[in-house]
Amino acid sequence: MAIKSFQGARRQQTNATENTPLKVSDYMTRDLITFTPEQTIESVMQTLIKNRISGGPVVNDKHELVGIISEGDCIKQISESRYYNMPMQDKTIEKFMARNVDTIDGNMNIFDAAKKFLEAKHRRFPIVENGKLVGQISQKDVLKAAMALKGQTWK
């Protein structure tokens, strides 16, 4: 008597990544809270606190990215203001924002973006197309992408 092996009905295997979005543009935030260089430090801090965000892109009137302002930049200003005993009501963010901003291509693979986050130690990267700010990807967006792909192959 022979032993039979039952493996169940054979299903045609599909590549899970064919239908799965893996680009940064699929997970980036498009509806951004942005700042202008003329805004005061206090108004930026109020916006960061109110919206529970840790920073955001700074754009000019043509919606071109000119910098990034973060909680750390604001804290630095608070510290300097206290040290020099100078009020900060009228201080604009233009002097305190980071100007040399690293960006990510919206067509980049989400896993390559995760690697860039680890290498650069940034919390967010703006996405610029044709000179205009179109979105932003954060570390949290990468985590959301990983959870959406959970259980599928990581290729």
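Trainee: Which pattern does the protein chain follow, read along the sequence?
Mentor: This is a predicted model. The protein chain has five helices and four strands. Read along the sequence, these follow the pattern α-α-β-β-α-α-β-β-α.

Trainee: What percentage of the residues in the protein chain is buried?
Mentor: A residue counts as buried when its relative accessible area is under 20%. The protein chain has 155 residues, and the buried share of them is 33%.

Trainee: Among contacts between residues at least 6 apart in sequence, what share joins residues at least 24 apart?
Mentor: A contact here means heavy atoms within 4.5 Å. Of the contacts in the protein chain between residues at least 6 apart, the share that joins residues at least 24 apart is 62%.

Trainee: In which sense do S3 and S4 pair?
Mentor: S3 and S4 form a hairpin, with two residues between them. Arg124 stands opposite Ser138 in S4. Over six bridges, the sense of the pairing is antiparallel.

Trainee: Which residue in the turn of the S3 and S4 hairpin has a positive phi?
Mentor: Most residues other than glycine have a negative phi. In the loop between S3 and S4 lies a residue that is not glycine and has a positive phi near 50°. That residue of the turn is Asn130.

Trainee: Is Asn130 buried or exposed?
Mentor: The cut-off for exposed is over 50% relative accessible area. Asn130 has 82% relative accessibility, so the residue counts as exposed.

Trainee: Where is Lys121, and is this residue buried or exposed?
Mentor: Lys121 is placed in the loop between helix H4 (110-120) and S3. Its phi is positive, about 60°, although Lys121 is not a glycine. Because its relative accessibility is 70%, Lys121 counts as exposed.

Trainee: Which element gives the largest share of the lining of the largest pocket?
Mentor: The largest pocket has a volume of about 490 Å³. Of its 17 lining residues, the closest to the centre are Ile53, Ser54, Gln136, Ser138 and Lys140. Strand S1 (55-59), strand S4 (132-138) and helix H5 (139-148) each supply at least two residues of the lining. The largest share, four residues, comes from H5.

Trainee: How many residues in the lining of the largest pocket are charged?
Mentor: Asp, Glu, Lys and Arg count as charged. Beside four nonpolar and six polar residues, the lining of the largest pocket has a charged group that numbers seven.

Trainee: Which elements give two or more residues to the lining of the second largest pocket?
Mentor: The second largest pocket has a volume of about 260 Å³. Its lining includes Ile68, Ser70, Lys121, Arg124 and Pro126. The elements that give two or more residues are strand S2 (65-70) and strand S3 (124-129).

Trainee: How many charged residues are in the lining of the second largest pocket?
Mentor: Among the lining residues are Asp73, Asp102, Lys121 and Arg123. The lining divides into four nonpolar residues, three polar ones and a charged group of five.

Trainee: Is Ser70 buried or exposed?
Mentor: Ser70 lies in strand S2 and is one of the residues that line the second largest pocket. Leaving out residues up to four places away in sequence, Ser70 touches Leu48, Ser54, Gly55 and Arg124. Because its relative accessible area is 18%, Ser70 is buried.

Key. Residues numbered from 1 in each chain as written. Predicted model: local features only at pLDDT ≥ 70, side-chain atom pairs only at ≥ 80, totals over all residues. Heavy atoms only, no water. 1 Å grid on protein atoms, 1.4 Å probe; cavity = no way out; pocket = protein on both sides within 12 Å on 5 of 7 lines; lining within 4 Å. Points joined across faces, edges and corners; volume = space filled by probe spheres on them. Buried < 20%, exposed > 50% of the residue type's maximum accessible area, 1.4 Å probe, protein only. Pairing = 2+ DSSP bridges.
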